[in-house]
Amino acid sequence: MTAITRRNMLAGTAAAGAWALTGQPAWSEPQWKKYAGTKLEVILAKGPRGDNLQKNIKEFTALTGIEVESEQIPEQQQRQKVVIELSSGKPSFDVVHLSYHVQKRQFEKAGWLTDVTDFMKDPNLTAPDLVPGDFSAAGLTYASNDKARMFSLPWSVDYFILYYNKELLAKKGVEVPKTLDEMVVAAQKLTDPKDGTFGFVGRGLRNANMTLWTNFFLNYGGEFLDAKGNIQTDGPEAIEATKLYQKLLTTCAPPGVAGFNWMESMASFTQGRSAMWIDGVGWAPPLEDPNASRVVGKVGYTVVPAGPKGQYSATYGDGVGIPAACKNKEAAWLLCQWMVSKAQGARLVQAGGGVPFRNSVLGDAEIQSGVKMPKEWLQSAIDSGKISKLGLPVIIPVAEFRDLVGAALTATLSGADPATELKKAHEQFRPILERSEKA
Amino acid sequence: MSTIVEQVSGAASEAAAPERALRPPSYWPFVVPALVTVLAVIIFPWLFTIWMSFQEWKVGSPTAFVGLSNYLRLPADPRFVESVGHTLSYTALSVLLPLVLGTLAAVVFHARFPGRGLLRALFIMPMMATPVAIALVWTMMFHPQLGILNYLLSLVGLPPQLWVFHPGTVIPSLVLVETWQWTPLVMLIVLGGIASLPTEPYESAQIDGASTWQMFRYITLPLIMPFLFIAAMIRAIDAIKSFDIIFAITQGGPGSASETINLYLYSVAFVYYDLGYASAIAVVFFALIVALTALLLVLRRRAQWNALGTDT
């Protein structure tokens, strides 16, 4: 197994940077009209990114003369449909929206995507501003293999951030926590079960809870895999992270949190019943929507507090790729490129629907000034980008990992011992990981 | 003239006779479309599933024959073993509660009272709703902080509950939804049964001075037993394969406290893409459903024999 190690990632980033320096003629524009008349099919996971594409796709057709049919399917079903069609060898789509944190390794190992490295170097096909170096390090790691070849374009990133209720914090005289320890103390102060308010809320539901827990794990210095690809999420860092998770969710969180996914957590937060919430950066629009939220204008946004071994924001992300079996690869490339373009990225971030992986979008002052969400929100996204780290191990059985270790975490919320539960879960998971890498 | 006709027709019948003997009148061509359909959509998938259950088959990797090893994994897989227990307890409760409540409702709606038609119509409405939509509404109602159920409990002075958010109460809470939705079906079946009962036994019981309870216990209940068996069988098959409500409300959680075989099967097949193992689970699950149905049929047969025995 070729895991994403820090060294690989640095090598990839360095290569990309060097490549950007070698430069292509800056004046050249790709031959947008060359594939006019082609028809493309796109399969998307339902969400603001898909909406953003469907709303503006006419611009792409006007630019290129390429007709695009797109389909949005709820995320879980989309993942299944895509995998089944790709494994059949004859997918019905030319461009596919993939979840890196779940599918990267699976797609890579099966060889389902087209290598787009050469497309990117071709000035006839690629706009000069689209260079690998413009993507954040996490995006580039997701999109490239261990030989620095790119198989997709990073589209939208999901950093985990800390949402907090300014009013509740002020009422109890609590400062915004800078470290995880401070957060626990703050959460305990803010918890008042008689009043129905709690200091912290977050995902407790099996599988979903892993995305929260890894923020703690990374900040306790955890690494998912060692150099040989062995999973390490039952080591001392994991046990400490789980103890923190257990403490927060059993003493400072609303009752029933063991069954909470983001939706229930958000409900508690938007109703002003929970003071702090760690989750994906994309939830600002509902929190600031007066029809759905009672905390409009009272929400603070900041990065995940630091742990004893560093400060990281667990990062997840989506990309777009071209199936290896696609017959219109060049036309599909033009579409992928347009999907991650500056114009489309600006629209996405300005509406608060997502954060593009491209630094040139997030760093653009003009784009920043058009963002409809609070400035703090944008700042938390930019700051998280600087401390971002992949939030899940890059392995094939990600779903099994999330289910098994996630169930262990949920069990600790009923009082089970973290070390014992993690050990038990990994006894089940290790053979699965070995089997998947052998196959 | 007539002789000619006779001769001709005689010749014709002679000519036809040997042919009919060769090809007996058969209607099998008419069966072919149905047969092909059944083979294609039922028999073939089944045989294919059984074949797949002997393979190691991960989507994206080549397949390999592994014999019975997928089946041997089952008893050692704690998630599978747990899911069997969850399925059985969920099914038992989801059959029993609607059966009891549905029978009571049928007795109530059999009585004549003003507005009966309207109330009957209202009562069967949950049955017509889409399970996933219902599930989403119930999820919000179950919310321990914001849900209306805990508010209602607080009105009568009861402490708030965790409903589907606690491993200990998740299955009864899910059964509550299932009961709410499917009690009307049992009511309809049993109501049909009660309506078809003769009135004479009741009249003679009344003359003998039987109480309402005695009439229900010794006349109505034995006579509607066949209908109850039908209702139980339909409910059992529905409940054991229930997926939508559980998936939409808890996804098998908290932890894996409400993961039934069906949900686990779904995860293995379409989230882990382990098709060989999933097929083995499907085969075992099928066997379980067949066994349950057979058990109910045997019970029904025995009840009929018992009934015959008491008659003579």
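Helices (H or I, at least four residues) and strands (E, at least two) are DSSP runs, numbered from the N terminus.

I also noted that this is a predicted model, where local features need pLDDT of at least 70, side-chain atom pairs count only at pLDDT 80 or more, and totals for chains, interfaces and linings use all residues. Residues are numbered from 1 along each chain as its sequence is written, while chains are lettered from A and ligands numbered from 1 in the order in which they are written.

**Entry: a helix crossing in chain A**

I looked at helix α2 (residues 48–64) of chain A and helix α14 (residues 342–350) of chain A; their axes come within 10 Å and cross at roughly 130°. That makes α2(A) and α14(A) oblique to each other, since angles under 35 degrees count as roughly parallel, over 145 as roughly antiparallel, 65 to 115 as roughly perpendicular and the rest as oblique. Which residues meet there? From α2(A) I get P48(A), R49(A), N52(A) and N56(A), and from α14(A) Q344(A), R347(A) and L348(A). I call it a contact if the C-beta atoms of two residues, placed from the backbone, lie within 7 Å.

Next I checked burial: a residue is buried if 20 or more other C-beta atoms lie within 10 Å of its own, exposed if 12 or fewer, and partly exposed in between, with C-beta atoms placed from the backbone.

**Entry: E237(A)**

I followed α10 of chain A to E237(A), which has its place in that helix. Is E237(A) buried or exposed? It is buried, with 21 other C-beta atoms within 10 Å. Leaving out residues up to four places away in sequence, E237(A) touches F217(A), Y220(A), G221(A) and G222(A). Its C-alpha atom is 8.3 Å from that of L218(A), 19 residues apart along the chain.

**Entry: α4 and what follows**

In helix α4 (residues 100–110) of chain A, the buried residues include Y100(A), H101(A), K104(A) and F107(A). The buried residues of α4(A) pack against α3 (75–88), β3 (95–99), α6 (137–143), β8 (313–321) and α18 (398–412) of chain A. After α4(A) comes G111(A), with a positive phi near 65°.

Most residues other than glycine have a negative phi. I noted A148(A), with phi near 60°, in the loop between α6 and β4 (153–165) of chain A. A148(A) counts as partly exposed, with 18 C-beta neighbours inside 10 Å. In chain B, Q251(B) has a positive phi of about 50° and is buried, with 22 other C-beta atoms within 10 Å.

**Entry: chain B**

I count 14 helices and 2 strands in chain B, and 31% of its 312 residues are buried.

Notes: Axes are lines fitted to C-alpha atoms, for helices over the stretch in contact, and angles run from 0 to 180 degrees between N-to-C directions.
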